[in-house]
Amino acid sequence: MLFFDIETSGLNANVDKITVVACVDSNSGTEHVFLFAEATHNNDSQKYNEMKNAMIGLFDGSNCIAAFNGTCFDLKFISIFFGVEEHRTLNWTLKCVDVFEALRVCVGNYVSLNKVAAMNSIETKISNGRQA
């Protein structure tokens, strides 16, 4: 299973940017951190494209992916921001386990990731996408 999260400079994929994508492959224990803002800041288009292609390869190659608000926000943002083909994004969405959506269905409303972390004695998120 591939766990992932993105950080963005805002909430609008048409004008804001993905700053970071972090992934952990639970099968191998491998961590991947794609620093898109850094590559953009350094005008390193080769590194940017390498990271983008590696990230897409991870998503394509995983039989299951997991996220918090991944189906309604992260995957849509990735699709729009990187221009990922619709059929590819749909495939990712179909194999995505989304804790945020599962909690919405079970609890009847949305629950923040910080609240879930705090309820489980896990350190809460201390930054936003711009800071990341």
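How much of the accessible surface of the protein belongs to carbon and sulfur atoms? The share is 53%, out of an accessible surface of about 7,900 Å². Keep in mind as you browse that this is a predicted model.

**Confidence and layout**

The mean pLDDT of the protein is 88, with 86% of its residues at 70 or more. Residues 128-132 are a stretch to treat with care: their pLDDT is below 50, and beyond near neighbours in sequence they have nine contacts in the model. Where pLDDT is low, the predicted coordinates should not be read in detail.

You will find six helices and five strands here. Starting at the N terminus, the elements follow the order β-β-β-α-α-β-α-α-β-α-α. The protein has 132 residues, of which 39% count as buried. Contacts also span the sequence: taking those between residues at least 6 apart, 53% join residues at least 24 apart.

**The nonpolar core**

Let's turn to the inside. The largest nonpolar core holds 25 residues, and F4, F36, M55, F59 and I78 have the most contacts inside it. At least two core residues come from each of β1 (2-8), β2, α1 (36-41), α2 (45-61), β4 (65-67) and α3 (70-82). Helix α2 gives the largest share, with six residues.

Apart from neighbours within four places in sequence, F59 is in contact with L2, F4, C23, I65, L75, I78, W92 and K95.

**Two partly exposed residues**

S26 and T40 make a handy pair to look at next. S26 lies in the loop that links β2 (18-25) and β3 (31-35), while T40 is part of helix α1. Why does S26 count as partly exposed? Because its relative accessibility is 42%, a value in between the under 20% of buried residues and the over 50% of exposed ones. T40 also counts as partly exposed, because its relative accessibility is 42%.

Each has a C-alpha distance to a residue some way off in sequence:

| Pair | Separation in sequence | C-alpha to C-alpha distance |
|---|---|---|
| S26 and M1 | 25 residues | 5.4 Å |
| T40 and T19 | 21 residues | 9.0 Å |

Which residues does S26 touch, leaving aside its neighbours within four places in sequence? They are M1 and F3. For T40, look at its side chain, which reaches the backbone oxygen of F36 at 2.9 Å.

Conventions:
Residues numbered from 1 in each chain as written. Predicted model: local features only at pLDDT ≥ 70, side-chain atom pairs only at ≥ 80, totals over all residues. Heavy atoms only, no water. pLDDT = per-residue confidence, 0-100. Contact = heavy atoms within 4.5 Å. Helix = DSSP H or I, 4+ residues; strand = E, 2+ residues; numbered from the N terminus. Buried < 20%, exposed > 50% of the residue type's maximum accessible area, 1.4 Å probe, protein only. Areas by Shrake-Rupley, 256 points an atom, 1.4 Å probe, with all protein chains shown as cover. Core = buried A, V, L, I, M, F, W, Y, C linked by side-chain atoms within 4.5 Å. Polar contact = N/O pair within 3.5 Å; in protein donor to acceptor, adjacent residues only side chain to side chain.
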